[in-house]
Each structure stands twice: as C-alpha cells, then as structure tokens.
Amino acid sequence: MSERSSRSAPVVAIVGATGAVGVELIRCLEQRRFPLSELRLLASARSAGKTLPFAGRQLPVRELKEDSFQGVDIALFSAGGGTSKRFAPLAVKAGATVVDNSSAFRMDPQVPLVVPEINAQAARTHHGIIANPNCCAIISITPLWPIHQVNRIRRLQMATYQAASGAGAAAMEELRESTRAYLEGRPYQQKVLPHPYAFNTFSHNTAVDPATGYNDEETKVINETRKIFADPDIRVSATCVRVPVLRAHSMAITIECERPISAAEVRELLRRAPGVQLVDDVERNYFPMPQDASGHDPILVGRIRSDISDPSGHSVSLYVAGDQLLKGAALNAVQIAEML
Ligand code: A2P
C-alpha cells in the first residue's frame, strides 16, 4: 500500500463495477466491512451517470479513463483482459495495487496468482499486480489443497458444469430470456453464447487449440493449478462444459495421490479445511448443488468416495459446487485486498 494510505483507510476503485462480478465486488466490500475511505466505481462510457448502492448510499459510476486512478490505493479489475492490459499498468503507475480478475497477467512469472487459503504468502512478492485465478481453478483446487499438503496429488482429472455467470451479466440474461422463450414456444436467437443455452449443455465457449484438443478454459485450469500449487509436475486434465445454471459452477473431480488414501481420510481433512463446507449425506442422497452454493461463500464438497477404477487405493473421487461470482471471483479478490 502506498505511503498516503498508511495514514488513512485506502481508496478503492472497482473497474467493471456494473458487471456481474463488479456488483458482487461492491457487495463483498460492504458485507465484509472492508475499511475504505472512498469507493470509486468505474465502467465503460455506456454506464457513466448510473448509480449503484453501497453502504446505504448511491454511488455514481464514472467512465474509466487514463487518469481514473489518481489517489487510488487498491484497484479491483473485472472488465475483461483487454481493459486490464491497458489500464492496470496505469493504475500501478498512479500508486495503486491491482487485483486483476482477468486472465491477462495470470501466467506472468512476475505476477502472483493467489487463492488466500492456498498461497497467501505469494501475494507478498507482487510488483503492483496480483492476479485472481480462473473461477474453475479456484473452486476445484481450494478443497484439494489440504489433501495435497499431506499426500501429494500427482494426477487430477475433472469435468466441469459451468454456470452462465462466468460469461458475464449478458450471458446470465441470455439464459433467462432463452428459457422464457423456450417455455413459451417462441424462437430465440442467442447473441452472447455460441449455442442455444436453455435446456442444453455445450463444450466451453472458448477456442479449442487444434494442437492439443483442449479449449482455453481447460488450459487455464491446468496451468493455473500448477502455478498456485507451485507444483509444475502435477498432471492435470479437464473437460469444461457450460450448463444452464445461473451462477454456481460444479465439478466432478478424481485425484490420484502419491500414497494410498481413503475416502474417510479425505472427509476428515475437508471437515477442517478453510473456505470449504462438507455436504456429503449419503443416506439422503444430498450432495453439493449449484442452487445451494449460489450466494454462499464456502465451496461445497461431497460425494467423497474411493475411485474403484484404481485398485491400488491411491485415487478418490469427489464433487464440488461453488459460487462462481463469489469464491470464484469477487470474494477471492476481496480476500486478497484484505491481505494488502
Ligand atoms: P459496462 O456495463 O459499462 O459495459 P460482465 O463481465 O458482466 O459482462 O461485465 C463487464 C464489465 O466490464 C462491465 O462493468 C462493463 O461496463 C465493463 N467494461 C467492459 N468494457 C469496458 C471498457 N472498455 N472500459 C471500461 N469498462 C468496461
């Protein structure tokens, strides 16, 4: 934090304040009583003049400009990679520390990629920018960290069930609108996502690398897991899929550890894990669901069982659900800001 803010509570800016994550950033700052002396809301010219509620007041939204960061101590960016690439360096130059929710700087070796429950200490090495990881990476690996620490995970495979919120507020609206149209028997032309979303699932809407067959989202999960765990040798594979859910992602995960591990051990480790809540009621067949995870800070974990396809006893399968807008984005960013 700059010298000026050591004297008083920091000035905080949110870039992308009107977006799906931006609105949750405002709410997280308010709910967690983040100590700040000013909250500056920034978005595109389209939103200039709007107001958004914070702590019982309506705050104006201003257009993001090159001089928007004068006097700002902490800038939370969630307005896409292009905006981060252009404006985050300007914010740093003006004396702010940036917590960036885009993928623009995540794999930059100079930029720490932080999940506070996993690698809080990495944040201390920043040079002005700290990256907030991909939502699927955060939600899948936060519950895996306590396991990895006691019995290294050497291989991790996951399939994701990803909500509309990851593609922004417009995609959430597209899910609502297309569902309404479907139920009323009206035709609907999607504008945000590449395929019909109501009552459908499709492979994640990022480009597929023809060389590997993996799409961008899957590649992010793979690379970011290695960076956050500081374990370049962990073998990771992912299949990322969009499902017609509004705001919480779920994942089916199988891990293979270096030594044998039982479902009971995993359950015990996760019972005490920070940021995680066990939902593992076999009798009632009640396990993590996006509906329960939505608007909920902890990541729900359950369906913990030995993977019977690995008779060596090294593998366990589990299922998680976490709010993409909260722990997958805004909450994690605000937790990082709290460490500053
Ligand atoms: P705006 O609402 O004015 O378009 P989402 O991820 O939900 O789509 O939200 C994206 C956020 O990023 C919105 O707040 C949006 O503002 C903002 N944004 C998008 N492009 C720019 C830009 N070029 N400059 C500033 N803010 C931007």
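Guide: The following conversation takes several features of this predicted model in turn.

Visitor: Which residues line the largest cavity?

Guide: Its lining includes Val21, Leu25, Leu76, Phe77, Val99, Asp100, Asn101 and Asn132, together with Ala329, Ala330 and Ala333. By type, the residues of this lining are eight nonpolar, two polar and one charged.

Visitor: Which helices and strands each supply at least two residues of that lining?

Guide: They are helix H1 (20-31), strand S5 (74-77), strand S6 (97-100) and helix H10 (326-339). H10 gives the most, with three residues.

Visitor: How much space lies in the largest pocket, and what surrounds its centre?

Guide: The largest pocket holds about 850 Å³ of space. It is lined by 40 residues, of which Ser78, Ala79, Gly80, Asn101 and Gly166 are the closest to its centre. The lining of this pocket divides into twelve nonpolar, 23 polar and five charged residues.

Visitor: Which element gives the most to the lining of the largest pocket?

Guide: H1 gives the most, with three residues. At least two residues each come from H1, S2, helix H2 (81-93), helix H7 (216-228) and H10.

Visitor: Helix H1 has now been mentioned for both linings. What span should its twelve residues have?

Guide: At 1.5 Å a residue, H1 should span 16 Å, and its end C-alpha atoms are 17 Å apart, which agrees.

Visitor: Which residues of H1 are buried?

Guide: An α-helix has 3.6 residues a turn, so residues three or four places apart point the same way. In H1, the buried residues are Ala20, Val21, Gly22, Glu24, Leu25, Ile26, Cys28 and Leu29. Among the elements that cover them are strand S1 (11-15), strand S2 (38-43), strand S3 (51-54), S5, helix H6 (169-183) and H10.

Visitor: Glu24 belongs to helix H1. Why does Glu24 count as buried?

Guide: Glu24 counts as buried because its relative accessible area is 6%, and buried means under 20%. Beyond its neighbours within four places in sequence, Glu24 is in contact with Arg247, Leu325, Leu326 and Ala330. The C-alpha atoms of Glu24 and Leu331 are 7.9 Å apart, although 307 residues separate them along the chain.

Visitor: Is Arg62 buried or exposed, or in between?

Guide: Arg62 is partly exposed, because its relative accessibility is 43%. This residue lies in strand S4 (residues 57-63). Leaving aside neighbours within four places in sequence, the contacts of Arg62 are with Glu38, Arg40, Leu41, Leu42 and Ala43. The C-alpha atom of Arg62 is separated by 30 Å from that of Met107, 45 residues apart along the chain.

Visitor: What should one look for in the backbone angle phi?

Guide: Most residues other than glycine have a negative phi, and most peptide bonds are trans. Ala55 is not a glycine, yet its phi is positive, about 50°. Ala55 is in the loop between S3 and S4 and is partly exposed, with a relative accessible area of 45%. Arg303 also has a positive phi, near 50°. Arg303 is found in strand S13 (residues 299-306) and counts as partly exposed, at 36% relative accessibility.

Visitor: Finally, how many disulfides are there?

Guide: A disulfide requires two cysteine sulfur atoms within 2.5 Å. In this model the count comes to zero disulfides. The sulfur of Cys135 is 4.8 Å from the closest cysteine sulfur, that of Cys136, and this is too far for a bond. Cys240 is likewise in no disulfide, with the nearest cysteine sulfur, in Cys136, 4.9 Å away.

Visitor: Are Cys135 and Cys240 buried or exposed?

Guide: Cys135 counts as buried, at 9% relative accessibility. Cys240 also counts as buried, at 0%.

Terms used
Residues numbered from 1 in each chain as written. Predicted model: local features only at pLDDT ≥ 70, side-chain atom pairs only at ≥ 80, totals over all residues. Heavy atoms only, no water. 1 Å grid on protein atoms, 1.4 Å probe; cavity = no way out; pocket = protein on both sides within 12 Å on 5 of 7 lines; lining within 4 Å. Helix = DSSP H or I, 4+ residues; strand = E, 2+ residues; numbered from the N terminus. Nonpolar A, V, L, I, M, F, W, Y, C, P; charged D, E, K, R; others polar. Expected span 1.5 Å × (residues − 1). Buried < 20%, exposed > 50% of the residue type's maximum accessible area, 1.4 Å probe, protein only. Contact = heavy atoms within 4.5 Å. Points joined across faces, edges and corners; volume = space filled by probe spheres on them.
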